[in-house]
Protein chains: 2
Amino acid sequence: MRDLPIGKAFTLIERGPVVLVATHDGAHDNIMTISWTMVLDFAGTFALCTGPWNHSYAALTATRECVLAIPTIDLLDKVVGIGTCSGADTDKFDTFRLTRAKARHVRPPLVRECLANLECRVRDVVRAHNIVVLETLSAHIDPARRERRLIHAIGDGTFVVDGRRFDRRDMMRSKLPPGV
Amino acid sequence: MRDLPIGKAFTLIERGPVVLVATHDGAHDNIMTISWTMVLDFAGTFALCTGPWNHSYAALTATRECVLAIPTIDLLDKVVGIGTCSGADTDKFDTFRLTRAKARHVRPPLVRECLANLECRVRDVVRAHNIVVLETLSAHIDPARRERRLIHAIGDGTFVVDGRRFDRRDMMRSKLPPGV
């Protein structure tokens, strides 16, 4: 095996699905691209890695709510665009022509173009590690959408899209929560 | 948009790469499959979601070290097998015929069959959220390996493998750390 620079190790781990995080600061909606996420249980609890370097962080931690919108590969250039400008000087819903839908439990909007939207409340902020813990209040999916392949960031400016699917439900049965 | 049961929301977020976590409890090597991981910075800091329900957790938190081994799609059945039995009653290195290599900084072994191996130290355990924070001490990659497609768990017993790659380095330039 060859040594890999530690600074490249994250490119092996990063590949969760890229998500969009919509917030509302009291006056404006904003949205950011996040690719550092983690599942914490089977009941809709998630972690994000974010911090004060993201403009949305102030609204997220002050209002303690957001929408996680899940984009698919057809939205890649919007997703990268949203992730490379700032809500400090850009109305991103306008610039990227995103269509808002009203959420049920939170003030930030759902994003109609996305495959799914999760309305979330901030349960905790672990400032020592820049981790925000979210719980899902309600979840919505677009059943009519044909493109359902998610985007995985490698972290070096390249992305991979979902490939072939493998079914190991039978082997996994003892580990699966009921109803999934 | 249709309502999605909150208990299925994790299947949208879970899809980071599945990793193997090797530990050593003083007497035996053990290895577990983890699909809930998150990047915390560009310098090799990662989070895992794990807890006392995993046999490896005791060794991980007592010795505060592990190896994260990154498997590829050709290893899918070993990965699922490792994730559906317990080190409490199974020698998994033996059962799944994994080849050990000596790590440089930690006692648990590297796994030769994997694409990459990260030697890690436990920096913190956030017990309230079942989060273990790891820092990478050294990283190794197998440059001769032809199969390099990672495994993404959906969480329902199915897995997707990496598909086509999209290059957006130019668009992302302002957000990329140097040297990646």
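B:Val132 counts as buried because 25 C-beta neighbours lie inside 10 Å of it. A residue is called buried if 20 or more other C-beta atoms lie within 10 Å of its own, exposed if 12 or fewer, and partly exposed in between, with the C-beta atoms placed from the backbone. Before I continue, please note that this is a predicted model, in which local features need pLDDT of at least 70 and side-chain atom pairs count only at pLDDT 80 or more, while totals for chains, interfaces and linings use all residues. Residues are numbered from 1 along each chain as its sequence is written, and chains are lettered from A and ligands numbered from 1 in the order in which they are written.

B:Val132 belongs to strand 10 (residues 131-141) of chain B. Strands (E, at least two residues) and helices (H or I, at least four) are DSSP runs, numbered from the N terminus. Among the residues that B:Val132 touches are B:Ala47, B:Leu60 and B:Val122, leaving aside residues up to four places away in sequence. Contact here requires that two C-beta atoms, placed from the backbone, lie within 7 Å.

That brings me to B:Ala47. Which residues have the most contacts inside the largest nonpolar core? They are A:Ala47 and B:Ala47, in a core of 108 residues. Such a core is a set of buried Ala, Val, Leu, Ile, Met, Phe, Trp, Tyr and Cys residues joined through C-beta atoms within 7 Å. The contacts of B:Ala47 include A:Met38, A:Ala47 and A:Ile131 from chain A, and B:Val132 from chain B.

Let us turn to the two chains together. Chain A is superposed on chain B by a rotation of 180 degrees, with 0.0 Å of shift along its axis and an RMSD of 0.0 Å. This is the relation of a two-fold axis. The superposition is by least squares on the C-alpha atoms of residues with pLDDT of at least 70 in both copies.

The contact takes 76 residues from chain A and 76 residues from chain B. On the side of chain A that touches chain B, strand 12 (residues 158-167) of chain A gives the most, with 10 residues. Because 100% of the interface residues of chain A are also interface residues in chain B, the copies meet through the same surface.

Strand 10 (residues 131-141) of chain A and strand 1 (residues 2-4) of chain B run antiparallel, joined by 3 bridges; pairing requires at least two bridges found by DSSP. In strand 1 of chain B, B:Leu4 stands opposite A:Ala139.
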